[in-house]
Amino acid sequence: MSAPVRHYPVFVDLAGRLAVVVGGGDEAERRARSLVKHGADVAVIAAEPTQGLIEMEAAGELTIERRGYVAGDLKGAFVVVCASGSEEIDTAASREAEAGGSLVAVPGLPALSNFTSPSVMRRGALQIAVSTGGTAPGLAKRIRAQIADEFGPEWGEYLELLGIVRAIVLDRVPESERRTRMLDALSADDSLREALAAGEHVDPEDVFKRLVMEQHD
């Protein structure tokens, strides 16, 4: 039997959850921006935060404690990023976070982390994550770029269209088996994405009517 893969892939809802970033350098800023983007309640602990972090604080996107990390700072944190640039400080913060049951990442030190942030390709609601388990981040980025070439910008609009049509089907079609057939046909119809890629307008109601007609054939 092969050894188990260490990291379990999962998408986590961070909306309204406390995320603490220890450190105020460029890496800390990058991680803080990502956490803010995903709806976390971000608190930064840094004696000398970057100008970008200061501007984010001024915009009300996060809070900054202008001092060094001390034990107890991570109480109640759902996720912690240790990016102080000091291995001693990051190790201490990582141990506190782990003991408190937090998700913790220490950039550059995967042995002190219990999760890693994958390289993500986004097209609207579509997210494709690539991870090498922290062993080769550059390779993960290269693979992400290859995926981005395959999934063009129309995929965001395409996913939005599918979501609207799906809601219509669920609202108007009471028979579960018929709903399933219609939704399967919807997901298999690549012509919708091709039409959007060509710049054409696709009306969700027209798509629904076509699905109804196809089910009656």
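In this predicted model, 5 strands form an open sheet. Their order is E3-E2-E1-E4-E5, and the pairing is parallel. Strand E3 (62-65) and strand E5 (103-105) are the edge strands. Each of these two pairs on one side only. From one strand to the next, the twist averages 15°. Strands of a sheet pair through backbone hydrogen bonds, in either a parallel or an antiparallel manner.

Within the sheet, E1 pairs with strand E4 (residues 79-82). The two strands run in the parallel sense, and 4 bridges link them. At one position in this part of the sheet, Val21 stands opposite Val81 in E4.

Helices also pack on the sheet. Helix H2 (residues 51-58) touches strand E2 (41-45) and E3. The direction of H2 makes about 125° with that of E3. Helix H3 (residues 87-99) lies across E1, E4 and E5. The angle between H3 and E4 is about 170°.

A further feature is found at the surface. Tyr8, Val10 and Val12 make a nonpolar patch there, of about 360 Å². Val10 belongs to the segment before strand E1 (18-22). The relative accessibility of Val10 is 57%. Val10 therefore counts as exposed, since the cut-off for this class is over 50% relative accessible area.

Key
Residues are numbered from 1 along each chain as its sequence is written. This is a predicted model: local features need pLDDT of at least 70, side-chain atom pairs count only at pLDDT 80 or more; totals for chains, interfaces and linings use all residues. Side-chain values use heavy atoms; hydrogens and water are left out. Patches are made of residues with over 30% relative accessible area and no salt bridge: like charges are joined within 9 Å, nonpolar side chains (Val, Leu, Ile, Met, Phe, Trp, Tyr) within 5 Å. Accessible areas come from the Shrake-Rupley method with a 1.4 Å probe; for residues, only the protein chains shown count as cover. A salt bridge is a side-chain nitrogen of Lys or Arg within 4 Å of a carboxyl oxygen of Asp or Glu. Buried means under 20% relative accessible area, exposed over 50%, partly exposed in between (1.4 Å probe, protein chains only). Two strands pair if DSSP finds at least two bridges between them. Axes are lines fitted to C-alpha atoms, for helices over the stretch in contact, and angles run from 0 to 180 degrees between N-to-C directions. Contact means heavy atoms within 4.5 Å.
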